[in-house]
Amino acid sequence: MNQIFKSGTTKRPINLIEYILNYIKDYPDTKIYVGTDSQNRGPETVYVTTVVLRYGNRGCHILYNKNKIPLVRDFWSRLWKETEMSIEIATFLTTNTPLKVESIDLDFNDDEYKASNKLVAASKGWVQAAGFKCTTKPALQIATRAADHIIRT
């Protein structure tokens, strides 16, 4: 994995695995959520993937990767890449640590009248085939909400 993750608190680059393992030592009941959001901005598409460390009901800590690529005009391709990026990070975490990813949040809507609904079945199937649980809107989604916030700031 070549992606550089940053702490949502300091905005400084981190070693993702080392950071999470050290964090878990202080907060052993932490649950891990992964999600990706994207937006087209001018000549490029911006993707943000987050790894959210949720500790009980006291809050969460956000780690993120933000990257820009040439504009992806096709809606399906842009959202499919969100699923791909989330699965890649979740797989990286579970392969390189003894930790479990609680859920991959998909920024797609179960409402059949929303455009992203066309990807729900295929993306859920891919996530589940990869061995992860997933959520879609309107369920509470910590990771994609964090990614949406970062992409807008």
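Biologist: What should I know before we start?

Modeller: The model is predicted, so local features need pLDDT of at least 70 and side-chain atom pairs count only at pLDDT 80 or more, while totals for chains, interfaces and linings use all residues. Residues are numbered from 1 along each chain as its sequence is written, and side-chain values use heavy atoms, with hydrogens and water left out.

Biologist: OK, which residues of helix α1 are buried?

Modeller: In α1, residues 16–26, they are Leu16, Ile17, Ile20, Tyr23 and Ile24. Buried means under 20% relative accessible area, exposed over 50%, and partly exposed in between, using a 1.4 Å probe and protein chains only. Helices (H or I, at least four residues) and strands (E, at least two) are DSSP runs, numbered from the N terminus.

Biologist: Why are those on the same side of α1?

Modeller: Because they cover an arc of only 130 degrees around the axis. That arc is taken from the directions from the helix axis to the C-beta atoms. On the other side of α1, Lys25 and Asp26 are exposed.

Biologist: And what covers the buried residues?

Modeller: The cover includes the strands β1 (5–7), β2 (13–14), β3 (30–41), β4 (44–55) and β5 (60–70), plus helix α2 (75–96).

Biologist: Back to Ile20. What does Ile20 touch?

Modeller: Leaving out residues up to four places away in sequence, Ile20 touches Ile32, Val51, Leu53, Leu63, Leu93 and Leu99. Contact here means heavy atoms within 4.5 Å.

Biologist: Which residues touch the most other members of the largest nonpolar core?

Modeller: Ile20, Val51 and Leu93, out of 27 residues in that core. A nonpolar core is a set of buried Ala, Val, Leu, Ile, Met, Phe, Trp, Tyr and Cys residues joined through side-chain atoms within 4.5 Å. There's also a second, separate core of six residues, including Val46, Ala147, Ile150 and Ile151.

Biologist: New topic: how many disulfides are there?

Modeller: Zero, taking a disulfide as a pair of cysteine sulfur atoms within 2.5 Å. For Cys60, the nearest cysteine sulfur is that of Cys134, 20 Å away, which is too far for a bond.

Biologist: How accessible is each one, Cys60 and Cys134?

Modeller: Cys60 is partly exposed, with a relative accessible area of 32%. Cys134 counts as buried, at 16% relative accessibility.

Biologist: Last one: where is Lys11?

Modeller: Lys11 sits in the loop between β1 and β2. Its phi is near 65 degrees, a positive value in a residue other than glycine. Lys11 counts as partly exposed, at 49% relative accessibility.
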